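Subject: A structure for you to explore

Hi there,

Here is the structure I promised to pass on to you. Please open it next to this email and follow along as you read.

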Amino acid sequence: MSDHARIELDDQAYEGRMIEGSEGERAVDISSLRNETGAVTYDPGYANTGSVQSSITYIDGDNGILRHRGYAIEDLAKHSDFVETSYLLIYGELPTQAQVTNFRESITKHTLLREDMRPFFDAFPPEAHPMAILSAGTLALSTFYQNHYDPSNPDDVEISTYRLMAKLPTVAAFAYKRSIGQPYIYPRNDLKFAANFLHMMFAVPSEPYEIDPDLARALTELLILHADHEQNCSTSAVRLIGSSQVNLFAAVSGGINALWGPLHGGANQQVVEMLAGIQEAEGDTKEFIRRAKDKDDPFRLMGFGHRVYKNYDPRARIIKDTADRVISKLAGNDPLFEIAQELEETVLSDDYFIERKLYPNVDFYSGLIYRAMNLPLNMYPVLFALGRLPGWIAQWREMSQDPDRRIGRPRQIYTGPTARNYVPIENR
Ligand code: SDX
């Protein structure tokens, strides 16, 4: 295979070296294209543009493969736990027992919020979307650590990693308690990550709360399945924000906002709303599928399609099994789960979706598990954010340590008016 690519432009040619990744992916290095030719490339949504070289996550969208640092997502979901997978993403290797114990303890001892942060939650209206509180809460957290979040200080990066991993679940749970008018439940250091989150979410001070181990395991699996996904919208946002050398809290806060969008992590909430709409239509999916195909209708079948996967999202396959297990245990059955399975069957046999390689993605079934856990709809993207947090941290750390790092600043093609003179208002 050629080790360079040639772009011919009028009477000149640009020779770009080929870059090849460890899985055989190839890229044309165009980093001096504009300097040598005056031209830039144009790629809306960056569907054909590699922005970084990364060793964290590999996706083979055609074959539905997802690996973190070389380990298959199926193995991690089955054998790992969320703190261990977070360690793998952030430090690059599966930890020894001593390493994961130290990492877990370093997180556990930072789960409490500063007590003077409590009024922060009371300032929001009860109906405030928890993603807004999570994003604002991440920035609010940073104000307590302003002297210890320098991106160029390794000790600051380490303590900021622990603080975010430890405190975001507490912020999320406090946001939920605020919305239902219940007392805030403080973290317990004797509980593991998922169990502690369930405790903060569902315990009340007036009676004991028993953690359901199956629920804790299902939540652990969901967090692992959401942990990282190469250069998705929110991770790219974290990297772009981080490239200005702002602190990790500010970059993660931006990532939370990007994830909130209905085309990204907000889709899990939209899927359940769509399924409820189909239920109201007595299970008739025809109108929804007609609208999804209508170019003039912005409606999309939420939970289907993916920029990278042109096959079944491996995470969706795992989540579907978990949904079946959790729903039968908690709810006996859920008509929306039946509707989801029928919709999937219909879509996967419809030429429109087959031609466009539109399969269920990670968001299609995850919301049904959160629903079985009695979480309110607007908390679904929050669970996605808690899962994605170690991925954002790992990607930000990789970006911060990249010797080639530069501030992100894409070019554009200007299409506005050419030069013209100012017209005084009396002459307009
Ligand atoms: C996540 O990037 C990541 O890795 C994201 C994520 C992660 O872990 O970080 O995996 C998480 O965000 C999953 C995606 C959740 N979003 C949804 O489920 C929303 C519904 N999906 C679509 O909006 C869409 O599929 C996207 C946003 C996911 C992908 O959009 P693309 O890659 O820009 O694709 P596109 O809109 O250009 O669609 C290509 C074609 C179009 O038809 P044609 O113009 O070729 O005729 O497929 C159609 C689209 O109309 N299409 C859909 C569709 N998704 C794409 N038609 C109906 N329903 C859909 N869901």
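First, some ground rules. This is a predicted model, in which local features need pLDDT of at least 70 and side-chain atom pairs count only at pLDDT 80 or more, while totals for chains, interfaces and linings use all residues. Residues are numbered from 1 along each chain as its sequence is written, and side-chain values use heavy atoms, with hydrogens and water left out.

**The sheets**

Helices (H or I, at least four residues) and strands (E, at least two) are DSSP runs, numbered from the N terminus. Two strands pair if DSSP finds at least two bridges between them.

Start with the open sheet of three strands whose order is β1-β2-β3, with antiparallel pairing. Strands β1 and β3 are at its edges and have a single partner strand each, so one side of each lacks a neighbour in the sheet. From one strand to the next, the twist averages 25 degrees.

Strand β1 (residues 4-9) is joined to strand β2 (residues 12-20) by six bridges. Look for Leu-9 opposite Gln-12, and for Glu-8 opposite Ala-13. The hairpin of these two strands has two residues between them, and Asp-10 there takes a positive phi near 50 degrees.

Moving on, β2 pairs with strand β3 (residues 26-28) in the antiparallel sense over three bridges. Here Met-18 has Val-28 as its bridge partner, and Ile-19 stands opposite Ala-27. Five residues lie between the strands of this hairpin, in which Gly-24 has a positive phi near 85 degrees.

Another open sheet of three strands runs in the order β4-β5-β6, again with antiparallel pairing. Its edges are β4 (57-60) and β6 (71-72); each has a single partner strand, so one side of each is without a neighbour in the sheet. Strand β5 (residues 65-68) pairs with β6 over two bridges, and Arg-67 has Ala-72 in β6 as its bridge partner.

**Two helices side by side**

Next, find helix α6 (residues 130-142) and helix α11 (residues 248-260), which pack at an angle of about 175 degrees with their axes 8 Å apart. That makes α6 roughly antiparallel to α11. Axes are lines fitted to C-alpha atoms, for helices over the stretch in contact, and angles run from 0 to 180 degrees between N-to-C directions. Angles under 35 degrees count as roughly parallel, over 145 as roughly antiparallel, 65 to 115 as roughly perpendicular and the rest as oblique.

Which residues meet? Among them are Met-131, Leu-134 and Leu-141 in α6, and Phe-249, Ile-256 and Trp-260 in α11; contact means heavy atoms within 4.5 Å. The residues of this contact comprise 11 nonpolar, five polar and no charged. Ala, Val, Leu, Ile, Met, Phe, Trp, Tyr, Cys and Pro count as nonpolar, Asp, Glu, Lys and Arg as charged, and the others, Gly among them, as polar.

**The cavities**

A cavity is a set of points on a 1 Å grid over the protein atoms alone where a 1.4 Å probe fits but cannot get out, and its lining residues have an atom within 4 Å of a point. Grid points are joined across faces, edges and corners, and a volume is the space filled by probe spheres set on the points.

By this rule there are two cavities of 30 Å³ or more. The largest holds about 40 Å³ of space, and its lining includes Arg-114, Glu-115, Phe-174 and Tyr-186. That lining divides into five nonpolar, no polar and three charged residues.

The second largest cavity holds about 30 Å³. Its lining has seven nonpolar, no polar and no charged residues, including Pro-169, Phe-193 and Leu-386. Helices α8 (193-202), α9 (213-225) and α18 (380-400) each supply at least two residues of that lining.

Enjoy looking around!

How values were computed:
On a 1 Å grid over the protein atoms alone, a cavity is a set of points where a 1.4 Å probe fits but cannot get out, and a pocket is an open set with protein on both sides within 12 Å along at least five of seven lines; lining residues have an atom within 4 Å of a point.
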